[in-house]
Amino acid sequence: MKLTQLRDLVAIVEHGSLRAAARQLDVAQPLLTRSVRALEKELGVELFERQALGMTLTPAGRLFHQRACAIVN
């Protein structure tokens, strides 16, 4: 697990979508997608529900987001 992955997760939650988070972080959207997928694979759980209008946290994602915020901030 990398600090950048935690930063990416927090940005996605704060901005509500990969696209908005990518703009905020000034990175390519596919990079964020790979970052989140790698984190989910490492943890063995889905952190987000992907929808047409954005991404929302799963219950496991909400718990992990709390920890990620504490680390990032």
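This is a predicted model: local features need pLDDT of at least 70, side-chain atom pairs count only at pLDDT 80 or more; totals for chains, interfaces and linings use all residues.
Q: How many helices and strands are in the chain?
A: The chain has four helices and two strands, where helices (H or I, at least four residues) and strands (E, at least two) are DSSP runs numbered from the N terminus. Read from the N terminus on, the elements run α-α-α-β-β-α.

Q: And how does the radius of gyration compare with the globule rule?
A: The radius of gyration is 11 Å, close to the 11 Å that the globule rule gives for 73 residues, so the chain is as compact as a globular protein of that length. That radius is taken over C-alpha atoms, and the rule is 2.2 Å times the number of residues to the power 0.38. Along the principal axes, the C-alpha atoms fill a box of roughly 25 × 25 × 20 Å.

Q: What share of the residues in the chain is buried?
A: Buried residues make up 38% of the 73 residues, with buried meaning under 20% relative accessible area, exposed over 50%, and partly exposed in between (1.4 Å probe, protein chains only). As for contacts (heavy atoms within 4.5 Å), residues 24 or more positions apart account for 47% of those with a separation of 6 or more.

Q: OK, the core. Which residues have the most contacts inside the largest nonpolar core?
A: That core has 18 residues, and those with the most contacts inside it are Leu9, Ile12, Leu47, Phe48, Phe64 and Ala68. The elements giving two or more residues to this core are helix H1 (3-15), helix H2 (18-25), helix H3 (29-43), strand S2 (54-57) and helix H4 (59-72), and the largest share, five residues, comes from H1. A nonpolar core here is a set of buried Ala, Val, Leu, Ile, Met, Phe, Trp, Tyr and Cys residues joined through side-chain atoms within 4.5 Å.

Q: Where does Ile12 lie, and what is it in contact with?
A: Ile12 lies in helix H1 and counts as buried because its relative accessibility is 0%. Leaving aside neighbours within four places in sequence, Ile12 is in contact with Ser17, Leu18, Ala21, Val36, Phe48 and Met55.

Q: What about Phe64, which residues is that one in contact with?
A: With neighbours within four places in sequence again left aside, Phe64 is in contact with Met1, Leu6, Leu9, Leu39, Leu43 and Leu47.

Q: Switching to H2, which of its residues are buried, and what covers them?
A: In H2, Leu18, Ala20, Ala21 and Ala22 are buried, and what covers the buried residues of H2 includes H1, H3 and S2. Just after H2, Asp26 takes a positive phi of about 60°.

Q: Now charges: how many salt bridges does the structure hold?
A: The structure holds two salt bridges, each defined as a side-chain nitrogen of Lys or Arg within 4 Å of a carboxyl oxygen of Asp or Glu. In one of them Asp8 pairs with Arg7, with the closest N and O atoms 2.7 Å apart; Asp8 counts as buried at 4% relative accessibility, whereas Arg7 counts as partly exposed at 32%.

Q: Which side chains meet at 2.9 Å, N to O?
A: Those of Arg50 and Glu40 meet in a salt bridge at that N to O distance. This pair links distant parts of the chain, with Arg50 in strand S1 and Glu40 in helix H3, ten residues apart.

Q: Is Glu40 buried or exposed?
A: Glu40 is buried, with a relative accessible area of 8%, while Arg50 counts as partly exposed at 35% relative accessibility. Not counting residues up to four places away in sequence, Glu40 touches Val45, Glu46, Leu47, Phe48 and Arg50.

Q: Last one, which residues make the nonpolar surface patch?
A: Met1, Leu43 and Val45 make a nonpolar surface patch of about 230 Å². Patches are made of residues with over 30% relative accessible area and no salt bridge, with like charges joined within 9 Å and nonpolar side chains (Val, Leu, Ile, Met, Phe, Trp, Tyr) within 5 Å. Val45 is found in the loop between H3 and strand S1 (48-51), and at 35% relative accessibility Val45 counts as partly exposed.

Notes:
Residues are numbered from 1 along each chain as its sequence is written. Side-chain values use heavy atoms; hydrogens and water are left out. Accessible areas come from the Shrake-Rupley method with a 1.4 Å probe; for residues, only the protein chains shown count as cover.
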